[in-house]
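The exercises below go through a protein chain step by step. Work each task with the sequence and the model in view, then compare with the solution.

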Amino acid sequence: MYKNLVETINNVTTFQNITEERKSTLQPLIDFVQHKVINRQEININFICTHNSRRSHLSQVWAQVASAYFNIPNVYCYSGGTEETALFPKVAETLTNQGFNIFKIAETDNPVYAIKYSDNALPVIGFSKKYDSPFNPVSAFAAIMTCSQADGGCPFIAGAEKRIPITFEDPKISDNTSEQSEVYAERSLQIATEMFYVFSMIKN
């Protein structure tokens with residue numbers, strides 16, 4: 001993994017800021033992953049938010065990195081929304097600042113990004129899509145609801161083996177303010193911390 005990314009990871013793996021209540025919220029995802037590992041099955045996780053533009057992407061990326069960091073095999077992380085928009089550029093900028101190598105592989109109204117955490121690992125492909133896009137798995141996946149709006153608005157996710165609400169405050173609240181960079185960095189690090197906690201608990 002890239003040196004700057006490892007430095008970021010070192011700062012989030014103390015887990016001191018995760019409350020017992022939050023650990024309870026994360027436990028169903030731990031249980032899902034552990035069950036798949038024990039049974040030597042693929043682990044498909046689809047992080048879902050309303051617009052698939054911020055929180056769901058951050059969750060997808062950090063979960064994929066965390067699984068690689070802890071050597072948990074056969075983990076495939078996806079993201080989607082209840083509607084398609086575009087990956088918000090501040091998300092890519094924030095992840096770049098935290099150590100990722102990110103570049104566009106398609107320049108459209110809904111750009112496609114390659115998000116690399118290591119020179120020799122497949123990149124995470126980041127672009128906005130609906131949760132039931134053909135790009136995403138159609139069955140045997142965990143649907144992680146990363147915002148309360150999507151959780152309430154999607155009472156049924158077709159094909160989901162498990163539906164788990166793990167919601168985060170939207171960094172969008174800081175858009176067009178002087179605190180934007182700080183808020184996006186904080187939300188990214190919170191999500192990183194929690195995804196690394198989840199995969200740190202898996203017995204391989």
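**Exercise 1.** Which residues are exposed on the other side of α1?

Solution. The model is predicted: local features need pLDDT of at least 70, side-chain atom pairs count only at pLDDT 80 or more, and totals for chains, interfaces and linings use all residues. Residues are numbered from 1 along each chain as its sequence is written, and side-chain values use heavy atoms, with hydrogens and water left out.

Step 1. Helix α1 spans residues 3–12, and its buried residues are L5, T8, I9 and V12. Buried means under 20% relative accessible area, exposed over 50%, and partly exposed in between (1.4 Å probe, protein chains only). Helices (H or I, at least four residues) and strands (E, at least two) are DSSP runs, numbered from the N terminus.

Step 2. Seen down the axis of α1, these buried residues fall within an arc of 100°, so they line one face of the helix. The arc is that of the directions from the helix axis to the C-beta atoms.

Step 3. K3 and N11 are exposed on the other side of α1.

Step 4. The cover over the buried residues of α1 includes α3 (55–69) and α6. Contact here means heavy atoms within 4.5 Å.

**Exercise 2.** State what kind of aromatic pair W62 and F196 form.

Solution. Step 1. Rings of Phe, Tyr and Trp (its six-membered ring) pair if their centres lie within 6.5 Å; planes under 30 degrees apart count as stacked, over 60 as edge-to-face and the rest as tilted. The structure holds 8 such pairs.

Step 1. W62 and F196 are 6.2 Å apart centre to centre, with 65° between the planes, and the pair is edge-to-face.

Step 2. W62 lies in helix α3 and F196 in helix α6, so the pair ties together parts that are 134 residues apart in sequence.

Step 3. W62 is buried, at a relative accessible area of 0%, and F196 is buried at 0%.

Step 4. Ring pairs link W62, Y69, F70, F100 and F196 into a cluster.
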